[in-house]
Amino acid sequence: MQISEEYKQAHGMTPEKIADTMLDFYARVDSACEGVEKSLTAHGHALKCKAGCCQCCIDGLSVTKAEAAVIEKLFPAFRSLEPHAPGACPFLDDHGLCRIYAARPYICRTHGLPMRWIDESSQTEERDICFVNDHIDILSLEPSLCWTSQTAEIQLSILNIATFGDSERIPMRSFWEI
Ligand code: SF4
Ligand code: SF4
């Protein structure tokens, strides 16, 4: 089944409405991420993230149907692109740049930030950061200097469940097969 056919069946939502709702969500995520990044810089913890640095663009990433709707809307001809060879995200180009940057999924918008989350089984706080940014001592950071991943992810799940009835994830590499 084409993803777009499933959109049409999703509780009366059109692909355009789903994508617009997601773009609002992304705008809020981008604004919040920018705020954390500026605060990190102000505290002497500037990130090394820059265009062309792409070790975070790994193969095997997946997206929800609502995130896929944004890619379909902003890059309707993306299937004509040759997917990057296995070993990196299929949307990465040969210069280390994202070919769907404006429609990149939620997880890609948070790349590079120190992450914090509560482990469900131990109920303890966990933290992590990209190895390129490991000059930052993440354990010493105030929580406000980290991205608390679960808050936005819950919102993303709710948005998908409300629209599609699930928050199933689709491997990005499989987009060329459906
Ligand atoms: S969608 Fe773009 S930013 Fe996200 S992993 Fe793929 S190439 Fe990188
Ligand atoms: S998250 Fe890591 S690999 Fe990705 S742009 Fe930032 S420093 Fe580079």
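By class, how many nonpolar, polar and charged residues are in the shell around ligand 1? Eight are nonpolar, none is polar and one is charged. Here Ala, Val, Leu, Ile, Met, Phe, Trp, Tyr, Cys and Pro count as nonpolar, Asp, Glu, Lys and Arg as charged, and the others, Gly among them, as polar. Select Cys57, Leu61, Cys89, Phe91, Leu92, Cys98, Ile100, Arg104 and Cys108 to show the residues around ligand 1. A residue is near a molecule if its C-beta atom, placed from the backbone, lies within 6 Å of it.

Before moving on, a note on the model and its labels. This is a predicted model, in which local features need pLDDT of at least 70 and side-chain atom pairs count only at pLDDT 80 or more, while totals for chains, interfaces and linings use all residues. Residues are numbered from 1 along each chain as its sequence is written, and chains are lettered from A and ligands numbered from 1 in the order in which they are written.

**Ligand 2.** Select Lys48, Cys49, Cys53, Gln55, Cys56, His111, Gly112, Cys130, Val132 and Asn133, which surround ligand 2. This shell has five nonpolar, four polar and one charged residues.

**The whole chain.** Zoom out and color by secondary structure. The protein has five helices and five strands, following the pattern α-α-β-α-α-β-β-β-α-β along the sequence. Helices (H or I, at least four residues) and strands (E, at least two) are DSSP runs, numbered from the N terminus. The C-alpha atoms fill a box of roughly 50 × 35 × 30 Å along the principal axes.

**The sheet.** Select strand E2, residues 115–118. In which order do the three strands of the open sheet lie? The order is E3-E2-E4, with mixed pairing. At the edges are E3 (125–128) and E4 (147–148), each pairing on one side only. Two strands pair if DSSP finds at least two bridges between them. E2 and E3 run antiparallel and are joined by four bridges, whereas E2 and E4 pair in the parallel sense over two bridges. Center on Met115: its bridge partner in E3 is Asp128, and Trp147 in E4 stands opposite Met115.

**The hairpin.** Follow the six residues between E2 and E3 and stop at Gln123, in the loop between these strands. Phi of Gln123 is near 55°, a positive value in a residue other than glycine. Gln123 is exposed because it has 7 other C-beta atoms within 10 Å. A residue is buried if 20 or more other C-beta atoms lie within 10 Å of its own, exposed if 12 or fewer, and partly exposed in between, with C-beta atoms placed from the backbone.

**The core.** Select Ile18, Ala19, Met22, Ala66, Ala69, Val70 and Cys89, the residues with the most contacts inside the largest nonpolar core, which has 19 residues. Such a core is a set of buried Ala, Val, Leu, Ile, Met, Phe, Trp, Tyr and Cys residues joined through C-beta atoms within 7 Å. Helices H2 (15–42), H3 (65–74) and H5 (149–164) each supply at least two residues of this core, and H3 gives the most, with five.

**Ala66.** Finish in helix H3, at Ala66. Ala66 counts as buried because it has 27 C-beta neighbours inside 10 Å. Leaving aside neighbours within four places in sequence, Ala66 is in contact with Ile18, Met22, Leu159, Asn160 and Thr163; contact requires C-beta atoms, placed from the backbone, within 7 Å.

Definitions and conventions. Contact = placed C-beta atoms within 7 Å.
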